[in-house]
Amino acid sequence: MIVTVTLNAAIDKTYHLPALAAGQVSRVDRVYAEPGGKGINVARVVALQGVPVLATGFAGGSNGDFIERGLTRQGIAHDFVKIEGESRICLNIMDQDGVSTELLEPGPTIAGQEMEAMREKLAQLAARAKVVAFSGSLPAGVPKSFYAELIGIAQKQGAVVFLDTSGEALIRGAEAKPYFIKPNEDEVAQWLGHSIEDENALKQGLLRLNETGLPCISVSMGAQGSLTAFHGACYRVRAPKVDAVNAVGSGDAYVAGMAVGTAQGLPVEECLRLATASGTANTLTARAGYVEPEDVKRLLDEVVVERIG
Ligand code: TA6
């Protein structure tokens, strides 16, 4: 089983409208509302690929109820810590040219006893999991070191740990040496203490990070594809060219593919292929954090994975 952890769960609302004009009334053509936040998106994309998954995290209020009901409807097992506060709404406004504007609420404030309940729940769930994937921002009240603490709990239960977050939550979380991380170039530069001039500098930097006990690090280079350092070997991956409809949640779909490949014990090249096909398939649908499984299968052969050192 794969367990996903979303500490700042959300209702992801996508508004499709002709154009967004600041200071004016804009009428929305189509609305999608579904359980979201990065880890929940990971869970949905894993489930769509027919792999057992369970979503946990914090959920509260009527938005929390909506998230749990939505997951049940989508056939995704879940076991959240119920909190006093109200889970957030994250809004993605898509215009007809495909320009996306995201408005992300900060989310609820988490109390000390709610964090304690999370530690206990995670210890139980991780004991049954091959992979535990932590994703997204930390809600208020949660210390920046909380991911490191939870990662330690999951690792103690024998799970392989993924961490997809940003900023200080990532820097502090990485101290617990998760198996897989997905920083951006700026975060890699901050770690290394110098700027990154080109692809070769990025490659050397990622290999140095491997040596610090971070076994698998993927960095997206946008249209140039992605670079991954895995136990001292480096891979460049090029995604198939597609006409994207909505890219929101593609990073989460990438994590889902990587988690599925890892849980199934696939070689790293195949994990990267599945991750990239899943991320690309996500861009083909109007919904955030969603793939059509046939798209993933079709795209697999079009992903180019190249070992570059
Ligand atoms: O990756 C897109 C997305 O997952 C949206 O679904 C939205 O819920 C948001 O990211 C949340 O990101 P955050 O980093 O605030 O947890």
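**Exercise 1.** Which helices and strands each supply at least two residues of the lining of the largest pocket?

*Solution.* The model is predicted. Start with the strands: S2 (10-16), S7, S8 (100-104), S12 (216-220) and S14 (233-238) each supply at least two lining residues.

**Exercise 2.** Describe the largest pocket by its space, its centre and its residue classes.

*Solution.* Take the space: the largest pocket holds about 1100 Å³. Next, the centre: 46 residues line this pocket, and the closest to its centre are Lys182, Ser220, Ala247, Ser250 and Gly251. Last, sort the lining by class: 15 residues are nonpolar, 20 polar and 11 charged.

**Exercise 3.** Where does the ligand sit, and which residues surround the ligand?

*Solution.* Locate the ligand: the largest pocket holds it. Then find the elements that give two or more residues to its shell: helix H1 (38-48) and strand S7 (88-94). List the neighbours: Asp12, Gly37, Lys38, Asn41, Arg88, Cys90, Leu104, Gly136, Ser137, Val248, Gly249 and Asp252. Sort this shell: 3 residues are nonpolar, 5 polar and 4 charged.

**Exercise 4.** Find polar contacts between the protein and oxygen atoms of the ligand, using a cut-off of 3.5 Å.

*Solution.* Check glycine 37: a backbone N or O atom lies 3.2 Å from a ligand oxygen. Check arginine 88: here a polar side-chain atom is 2.9 Å from an oxygen of the ligand. Check serine 137: a polar backbone atom lies 2.9 Å from a ligand oxygen. Finish with the cover: on its own the ligand has 390 Å² of accessible area, and the protein covers 89% of that.

Notes:
Residues are numbered from 1 along each chain as its sequence is written. This is a predicted model: local features need pLDDT of at least 70, side-chain atom pairs count only at pLDDT 80 or more; totals for chains, interfaces and linings use all residues. Side-chain values use heavy atoms; hydrogens and water are left out. A residue is near a molecule or strand if one of its heavy atoms lies within 4 Å of it. A polar contact is a pair of N or O atoms within 3.5 Å; within protein, one must be able to donate a hydrogen and the other to accept it, and residues adjacent in sequence count only if both atoms are side-chain atoms. Accessible areas come from the Shrake-Rupley method with a 1.4 Å probe; for residues, only the protein chains shown count as cover. On a 1 Å grid over the protein atoms alone, a cavity is a set of points where a 1.4 Å probe fits but cannot get out, and a pocket is an open set with protein on both sides within 12 Å along at least five of seven lines; lining residues have an atom within 4 Å of a point. A molecule sits in a cavity or pocket if more than half of its atoms lie within 2 Å of its grid points. Helices (H or I, at least four residues) and strands (E, at least two) are DSSP runs, numbered from the N terminus. Ala, Val, Leu, Ile, Met, Phe, Trp, Tyr, Cys and Pro count as nonpolar, Asp, Glu, Lys and Arg as charged, and the others, Gly among them, as polar. Grid points are joined across faces, edges and corners, and a volume is the space filled by probe spheres set on the points.
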